[in-house]
Every structure is written in C-alpha cells, then in structure tokens.
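The entries below follow the order in which I looked things up.

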Amino acid sequence: MRRRLKALIAFAALATTMVTAQAKEAGYRHYRLGKLTMPTPDPVSGGLLLMGGGDRNRDAMQWFFAKAGHGHIVILRASQEGQIGEEFFRELGGIESAETFVFTNRAAATDPKILASLKRADGIFIAGGDQARYVRFWKGTPVAELLDAHVAAGKPIAGTSAGLAMLGEKLYGAMDDGSITSPAALAAPFGPANTIEGDFLHLALLKGIVTDTHFKERDRLGRLFAFIAKAQAGRPADQPAMLGLGVDESAALAVEPDGSSHIYATAPDGGVWLVDGSSLRGLDPKGPLNVARIKVTGIGANSVLHLPQGTVDRPLFERIYSAQGGKVAQPPRWSLAIHGGAGVIERATLSPEKEKAYRAGLDSALRAGGAVLNKGGTSLDAVEAAVRVLEDNPLFNAGRGAVFTAEGRNELDAAIMDGATLKAGAVAGVTRTRHPVDLARAVMDKSRHVMLAGPGADRFSVEQGLEQVDPAYFKTDERWQQLLAWRKKQAAAVDRTHLFGTVGAVALDQQGNLAAATSTGGMTGKRWGRVGDSPIIGAGTYAKNGQCAVSATGSGEYFIRESAARQLCDRVAWHGQTLADAAQSTIDAVGAIGGDGGLIAMGVDGVPTFAINDLGMYRGRISAGTTPQTAMFADEAMSN
C-alpha cells in the first residue's frame, strides 16, 4: 500500500513538473493536484476569508472549502512554488482539486489557461508574498476583472498576508520594494514611501476599507493609521470615513455574504483590529501624523463584525489611541481634572479633620463629573456637574461658602466654555442663583451673549427657571468672620488658607471634546462690583479642541493682564510647547508681574497638568478606569 502511495505522489510530482515546463515561457509556473473534470460536490456560496499571515487555521480553511462546495480551488501567488497546493489537497483535504499559478511577470495576467482556470474556479485563494508584485502584475488586467467577477458571482475568495493586504478598496502597495514600518509611516504619512493604490479590486464587502496583516506581531497599528489617512485624502465629505482592518497572524476573519464576520484563531489572543478613520481625514499633508483621538475596536472570538459598515457586536475592547510626534499612545477614553483654589496651604495649619473634609469634597466632585463622562456624556456636562458639587460645598469659595464683599454681600462669578464650538457663557456679580455655573451655561445656550452681570444676570436666571435661593443661603459663619477680620485690618484676608477658593474643572470626553468651567465668590472685601479673571474668557477660563482646556485660580487681576488661559493654549498650538511646559511658563508669566495662584489644564491626550506658584492648590484628577486622586500641598504629587 505504501509503495502504491509513493508511486502516486511521484506521478503527481512528475505531472506537475511537466505542466510547469510548458508554462514557463508564458510568465508563470503551474502546479495541479486532483481532477479538474470532477463535478463540484456541494453548492457554492459567497464569502471572504481574511487571514493574518500565520499558520493556517484548519477550521477556517474548512469553512472556506465548504463555501467553495468542496470543489476546485485556484491558488494565485507571485513567489515561491506549489507547496501550498500540496497542503490544501493532501493535508487539509476535502476538495476535488488544487491548482496553483505562480506569476513571474505581467504577461501571465492575459494567459488563456490562467483566465480559464479562474473562470471555472469554485474558490480562489491568494497567497502571501509581495503585494507590490500583485499590483504590478494584475492591476488593470483580466485577472483583476475576473477576481471581481468571481466574488460578484457569489463565489468565495481568501487571502493571507500580502494576499489579504490587496483586497480592500485602497491598499498599501509596498511599491518601493520594501515594507514600511509604523515609525516611518507615522513620520511621513503623506510621503512617497507610503504607496497607496486604488482602483484595483472592487469587492463590495470591503468597500471603504484598508487591510493589513501580521498585525500585532509586527506592531503595525501606527502604519495602518497612516494608510487610512493617505487613502482617504481628498475623499468627498458626503462619503463615510474609511476603515482599517488589521488581522493578527493567529487570526482569520470569515465574512459571510451578508457581511457578518467572525474570528477563527490559532491562539487565544488572535483577533482583528478595526480602526475608525473619522479622525484621520482632512489632515495636514505636511509633517508627522498628529491626531489626538483614533477609535480602535477589538474583534475577538465572541465578536461579530458587520461589513462594510464596520459595526461590532460584543467587541473585545474599545480603545482610544493618539498619534503625536511619530508615536502612538493610548490616552484614556475620558479624563477630568478639578481645582478648589490656590493659596497658602500648609500641613501645619490644617487639622486632620479639615484636610479630610477638603479631600472628600474634591473626591465627590470628581466622581460626579466622572459619572457623566463614563456614561458617554459630554465634557461640557461633566465640568458643569463637577463644579456644581463644589459650589454646594461651603469649604470652597464658590456658591455656598463664597466670600463677602466689603458691603457684606456674596457676589458670584462663573464661566463655562465648549472647546468643540468655542461657545462660552459667563456671569458676574450674581446674588440669588444657587449654581452660578448653571447660569453661565444658560447664557451660552439660551442667549446670544457671552457675559451677563449684576441685576440683569439675576433677572435672566429667573427667566430661565434656574434654582433661586435667598442670599442668606450663601453665607457661612467662617466667611463672615473673615470679612470682619478684613474690616478690622483692611487686609486681603486674615486666613490666607482661604484667600483664593475659586473652583474649576477641565475635561476631555469620549468624543475628544474639551471643556472648562470656573466658579468663584471672588476676594474677601472686594468693592465697586469688582470682577476677577474667572468669568473672563481667555483669562481664567478657556477651552479649544485640539489645544487645551484651562481653569485658573488666584489673584485675578494678574491672570487678566496675562490672558493666562488663552496664553497657555497658544503656547501649545503656536509654540509647540508641551502642555506641562506651557502651564508652567504661563504661571511663571503671571508671577513675574506680581500674581500668585495656580491653574489646571487638560490636553488632547487626556493627561491633565497642574501649575502652582503658591504654597498649595486643592486639586484632583480622574480618568476612565481609575479612582479619584486628590492633592493639596505644593509638594504633593499625584501618580500617573
């Protein structure tokens, strides 16, 4: 029996060699196993098998063979020999024939023998190798037309490695005779080395999609970002953003005719990465790829991907990545930072009970704003929610617990700004609105103005149905005693721990939008309707998408003179400073003209920064998947 099997194998090898010799002059090598004349045993149905380039998953291949009716498979490649046919026919089995064509030039794409085999194929498998050869040999030829026709006729096609990379509407052609790496692609996404090809294949289920393979194993996320960016340059605005599909070596994505797709994997962590190209269009074609937030969805064994729309049931993960300065990072899905004022905050002057109360107040505000963001809420709603909590806490100089004017009144200021639209609202000198930040939001949303002050702002608040309180609501005995001490000594305040108690918040939401809000009672003993920096857009409060969000606290007159909040964002946008350096430079500029205090800022990467030129600032931070962190003293650090 063994002799007979060896003889059959030898005969098959001889037959293959004979066919190869006949085909050489036509620009290809030809290998054949099985009988091409046998009928296809089972019905043929459409489907795509997208393989990441590693070891072939037996279940995935059997799925593909079943889609081909267990009939006749044609294998196309542009390198190596016919071993893959041996694997399909002898090792995997269950098909009538495996016919392999290895292209050596473009002329073969018009050879009648190849075209006839493609026309009668039940399934076509495109092997790995060099996709540049596929582009050079097949683009604009009958082979490309027949591949499109094969899929359009409801027959399955599969590709692995390079054979997958060229199936999308656009593809990285590797036309420079090399394979671009993620760092090189990120450094020059629109450069000549990122060779993006189009008008090659036109598979309906991969319309608007760019594919890549050997994905996590070769760290290809960055280059897929670059592929998508260049592939959709100039794409009409009325067309949806392109998507990227990165397939791991240990994974294969089986796509049904209706577009529903699932994973076959040879390793537990094998999967597919879906990149949303919405933030990768309309970019500056010069310099490195700089995108603050790119959504990536993981597709695992229990997920279902729907193509070509790119929706995912039961995703393995949903992550946000950024590409900045040629590097990929993973910022938090959302992030929030707050402050409760700056001033002389020393450990020796603060009782353990008071310190605990301050930290609890900051913690509550962080949790309130974080809850909004965690549910997918906007950064604007989150900063408002956080500030409202601080306005209700008498420990802080905002809302209930605000300091008194020289005349013994509580006059409240607040501002809020939306970084997505640059809309802003502010109020100054209000006396009856429980939450001044809500009134600032109403000015932004419900009026055509930016700032309202005094009695007019109070009237507007009533008209908008906001919660009104008796002015006595804001009074606390501690603040009243501070006023009495001020009247006696005519000092800024007796207790400098409470000199600056302004509160504020900055946030980045899951959509990548920034916002800032600030609220204050001002300074003890202020006169003549004094207004500080808090409600002045660009001084104490500012937010702009793509740059930063800022809320400041301190001696407001100096923050106004320096346009501190806007200055910080301009340092990031115009001078290329990091957020931390810009914050420190800005607070240094305030200090240089005599001002003291602090500020908080949030960048596009969701990492907040805190800058202080005083002895302390009540502050805190929270982001997706973390618990609140708080700090008070100048030398107190919060972990990243």
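**Entry 1: domains.** I took the centres of domain 1 and domain 3 over C-alpha atoms and got a separation of 65 Å. The model is a predicted one, so I treat each value here as computed from a prediction. The chain is divided into domain 1 (24-167), domain 2 (180-331) and domain 3 (335-633).

**Entry 2: the largest nonpolar core.** Which residues touch the most other members of this core? I found Phe103 and Trp138, out of 50 residues in the core. I then checked the helices, and α6 (residues 142-152) gives the most, with 5 residues. Both domain 1 (24-167) and domain 2 (180-331) supply residues, so the core lies between them.

I listed the contacts of Phe103, leaving out residues up to four places away in sequence. Among them are Gly27, Tyr28, Leu76, Ala108, Ile114, Phe137, Trp138 and Val143. Another core, of 46 residues, lies apart from the largest one, and its members include Leu350, Phe396, Val427 and Ala517.

**Entry 3: a sheet of 10 strands.** I traced the order of this open sheet as β1-β4-β3-β5-β6-β2-β11-β12-β15-β16, and the pairing is mixed. Which strands stand at the edges? They are β1 (28-34) and β16 (311-313); each has a single partner strand, so one side of each has no neighbour in the sheet. From one strand to the next, I noted an average twist of 20°.

Inside the sheet I looked at one pair. β5 (residues 123-126) and β6 (residues 156-160) are parallel and share 3 bridges.

Helix α4 (residues 112-120) lies across β1, β3 (72-77), β4 (97-103) and β5, at about 140° to β4. Helix α5 (residues 131-138) lies across β3, β4 and β5, and its angle to β3 is about 100°.

**Entry 4: strand β29.** Is β29 (residues 616-623) mostly covered or mostly open? I count it as mostly covered, with 8 of its 8 residues buried. In a regular strand, side chains alternate between the two faces of the sheet. In β29, Gly616, Tyr618, Gly620 and Ile622 point one way, while Met617, Arg619, Arg621 and Ser623 point the other way. Residues on both sides are buried, the two arginines Arg619 and Arg621 included.

I then looked up the partners of β29. With β19 (residues 335-343) the strand pairs in the antiparallel sense over 7 bridges. With β30 (residues 629-633) the pairing is also antiparallel, over 4 bridges.

**Entry 5: Asp438.** I found this residue in helix α12 (residues 436-446). Is Asp438 buried or exposed? Its relative accessibility is 13%, and because the cut-off for buried is under 20%, Asp438 counts as buried. What does the side chain of Asp438 meet in a polar contact? I found the side chain of Arg388, at 2.9 Å. Leaving aside neighbours within four places in sequence, Asp438 is in contact with Glu384, Arg388 and Leu466.

Technical notes: Residues are numbered from 1 along each chain as its sequence is written. This is a predicted model: local features need pLDDT of at least 70, side-chain atom pairs count only at pLDDT 80 or more; totals for chains, interfaces and linings use all residues. Side-chain values use heavy atoms; hydrogens and water are left out. A nonpolar core is a set of buried Ala, Val, Leu, Ile, Met, Phe, Trp, Tyr and Cys residues joined through side-chain atoms within 4.5 Å. Buried means under 20% relative accessible area, exposed over 50%, partly exposed in between (1.4 Å probe, protein chains only). Domain bounds come from an automatic or database domain assignment. Contact means heavy atoms within 4.5 Å. Two strands pair if DSSP finds at least two bridges between them. Axes are lines fitted to C-alpha atoms, for helices over the stretch in contact, and angles run from 0 to 180 degrees between N-to-C directions. A polar contact is a pair of N or O atoms within 3.5 Å; within protein, one must be able to donate a hydrogen and the other to accept it, and residues adjacent in sequence count only if both atoms are side-chain atoms.
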